[in-house]
Amino acid sequence: MRIFAAILGLAAISVAHNDHDHDQEPISGPHEGLWYNTLPGDGGTQADSVFSGISTFGRIQYHPCLSSHDVKYDIAFIGAPFDTGTSYRPGARFGPSGIRQGSRRLNLYGGYNVPLKANPFNSWAKVIDCGDIPVTSYDNAFALQQIEEGHNLLLSRAPFTDAKKPGPSKKGKTLPRLITLGGDHTITLPLLRSINREYGPVSVIHFDSHLDTWKPKVFGGSPSQQASINHGTYFYHASQEGLLANDSNIHAGIRTTLSGPSDYENDGYCGFQIVEAREIDKIGTDGIIKKIKERVGTKKPVYLSIDIDTLDPAFAPATGTPETGGWSTRELRTILRGLEGINLIAADIVEVAPAYDTNAELTTMAAADALYEVMTLMVKKGPLSALGEEEELLELKA
């Protein structure tokens, strides 16, 4: 009873005190300087530690672009969490979230890319993360339609920079660039369909250990129309649909086994040249870069697709169909940087399956670092309006 009486007494005092001081100003909270720090040097601001907060690619700003038609950007990251086109290990549906997790420390020291002498996080370009395209896991045909339409909705918008200037699209407009986080490699087919709607047939640079141009009857048996579209046949379909520019496409990093020499013949019919992974031992990274540039050129629009299994499983174990004898992360990044000058209009990275990664997140970090190089190349190239101006000059000279 004494304790209860004491509590009532304290409550009465508190009420009386509050009534007496009801006009008292509330004490202000902590200064914002405790939460937001301005970094010295060229960096900018750091919202919080890289190990906290919500994951976006490189901790860039997030906008739900598919639910808002007013968001503008020059480069946007978009996820396509689809993996029901795999032939071996599933799990790439978690690729987009895994890659974002692996990218958290990209901006830790300010984001400046020393070899390329540019900072993709602090440039003319507005770069954002648009989240993921909603993709069903129950119907492949519908899922591929979702990916194509979601990608095209974002691709066909006016960019943040130079929206009114001419560009290389079929309608002569300048468009933004999209970087897609896969997902298994099947997603590249709907992405190329989206690209085709805006640009027409494009040249493709394809980093992979596998050809992915197999005829459906060779790869998977093709028991149905939908089963014929998978992560080993999508380039065959892209070729049949006229999505690829003839004889200006190239694979890099190939080292898979084949059903026979006819696989290479079919690959040639699909418009590809092959750079084997083992060629790096003879011609080095410079030789690989030279072959790629000679094949696709520096004038045409180019689509870049990176399968993380280009890397040796020692560097990227978390992938659907690993193949030994691949390149190191350092070699791949060097080759990517060597693509400077090529007109990259869009890109993807695929086959990252985080469930097979180590606790050190080797694969997701490697994927994020590869895209960091790609993003830097896009920023250094400038808005796609520059390519439109080049085309106008060529037409005037002609």
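Guide: Quick ground rule: two strands count as paired if DSSP finds at least two bridges between them. Strands (E, at least two residues) and helices (H or I, at least four) are DSSP runs, numbered from the N terminus. This is a predicted model, with local features needing pLDDT of at least 70, side-chain atom pairs needing 80 or more, and totals for chains, interfaces and linings using all residues. Residues are numbered from 1 along each chain as its sequence is written, and side-chain values use heavy atoms, leaving out hydrogens and water.

Visitor: Which strands stand at the edges of the sheet?

Guide: The sheet is open, with eight strands in the order 4-3-5-10-9-6-7-8 and parallel pairing. Each edge strand has a single partner, so one side of it is left without a neighbour in the sheet; these are strand 4 and strand 8 (272–276).

Visitor: Is strand 4 mostly covered or mostly uncovered?

Guide: Buried here means under 20% relative accessible area with a 1.4 Å probe, protein chains only. In strand 4 (residues 127–132), five of the six residues are buried, hence mostly covered.

Visitor: Which residue of strand 4 stands opposite G79?

Guide: Strand 3 (residues 75–80) runs parallel to strand 4, joined by four bridges. Opposite G79 you'll find D132.

Visitor: What angle does helix 9 make with strand 10?

Guide: Strand 10 (residues 343–350) runs parallel to strand 5 (residues 177–182), with four bridges, and A347 is the bridge partner of I179. Helix 9 (residues 362–381) packs on the sheet, touching strand 10 among others, where contact means heavy atoms within 4.5 Å. Taking N-to-C directions of axes fitted to C-alpha atoms (for helices, over the stretch in contact), on a 0 to 180 degree scale, the angle is about 170°.

Note on methods:
Buried < 20%, exposed > 50% of the residue type's maximum accessible area, 1.4 Å probe, protein only.
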